[in-house]
Amino acid sequence: MARLQRRRRATQIGFFALFLLAPALNLLRFDLHEAQLWVLGLRWSLGIDDFVRGDISATHAALNIIFRAIVPAVLLVAAFMTVAYRYGRLYCGWLCPHFSLVETLNGVLQKASGKLSFWDKHRSLRAGQQPDGRWWPVFFAACAIFGFLWAITLLTYLLPPREIWGNLFAGTLTPNQARFIGIGSLVFTLEFMFARHLFCRFGCAVGLFQSPAWMANPKGLVVAFDRDRARDCRTCTTAKSPQGSACDTACPMRLNPRNIKRMMFSCVQCGQCLTECESTHDAQGRSPNLEWKVGLDAVRETLRQRRDDRR
């Protein structure tokens, strides 16, 4: 499981870099000046201007719309939702740049306050660790820096990156550009500070589309809990969670991984709860209480959860 987390972190770092660099490399952006979509370094055109000029027929224009817009969009959405149907919010836990920041800021806030969120009722400190007030400036500075970076990056998806960065360093941002960056930076900074988990759980459209698809599939990837060994959880401690119930404090979304599937609606399949469970049980020479199940094993787990829920 430790290797799993290293792989997940590698995919997160790679996609984070891609998110920041995509506009500058013209991998994906829409230029408002030219009303031009760029995809993989190429101009993506539906040929509307050619049709207006009379260079192509109405039939040709209609085919362009179907095969250059509708079909790619449908295929992309279908592929994305197919993965979500099978594996849940895999994009969130393994790729999403925002969730990468959620985990990073969780770690910094934990060092400052002992909590992963301002809204946590109890501290979750490593063994021998105490809150260190020197991390508070780091936390607030990180929220502000990433809030500013997020606003700039989103603007470069709409306007040429060279223009935005050039205007920024030269101090010649237009009023609209400055307004967008200023308001965006403030909103993102506050969100990173106080509502990053809430946004992931209830405010992100990408996440909300994945969750119902996963919930509708009884064979979808699910965290299974061995309830016959529930007593083991009372003494389940790791360096990260010396107070017990290690999987609870490991979850960056602040969920209880031992809950039934419908209570895990916003699970991002990051596997950190499984990593902590395996870590503590390996030390005791026992198999973990939490496991990933998919396919027929997931169906059996779902049916068992329903039986337990009715008791």
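Which helix holds both W136 and F139, and how many residues apart are they? Hello everyone, let's start there. This is a predicted model, so please keep that in mind as we go. The answer is helix α6, which covers residues 136–156; W136 and F139 sit three residues apart in it, about one turn of the helix.

Now look at how these two rings meet. Their centres are 6.3 Å apart and their planes stand at 85°; since anything over 60 degrees counts as edge-to-face, W136 and F139 form an edge-to-face pair.

Let's move on to helix α7, residues 161–170. Here W165 and F169 are four residues apart, again about one helical turn. This aromatic pair is stacked, with 6.0 Å from centre to centre and 25° between the planes. What about exposure? W165 is partly exposed, at 32% relative accessibility, and F169 is exposed, with a relative accessible area of 70%.

Stepping back, the structure holds 14 aromatic pairs. Some rings join up into a group: ring pairs link F16, F19, W150, Y157, F188 and F192 into a cluster. If you have the model open, do pick out those six names and take a look.

One last stop, this time with a charge and a ring. The charged end of K261 sits over the ring of W214, at 4.7 Å from the ring's centre.

Terms used: Residues numbered from 1 in each chain as written. Predicted model: local features only at pLDDT ≥ 70, side-chain atom pairs only at ≥ 80, totals over all residues. Heavy atoms only, no water. Phe/Tyr/Trp six-rings, centres within 6.5 Å; stacked < 30°, edge-to-face > 60°. Helix = DSSP H or I, 4+ residues; strand = E, 2+ residues; numbered from the N terminus. Buried < 20%, exposed > 50% of the residue type's maximum accessible area, 1.4 Å probe, protein only. Lys NZ or Arg CZ within 6 Å of the ring centre and 35° of its normal.
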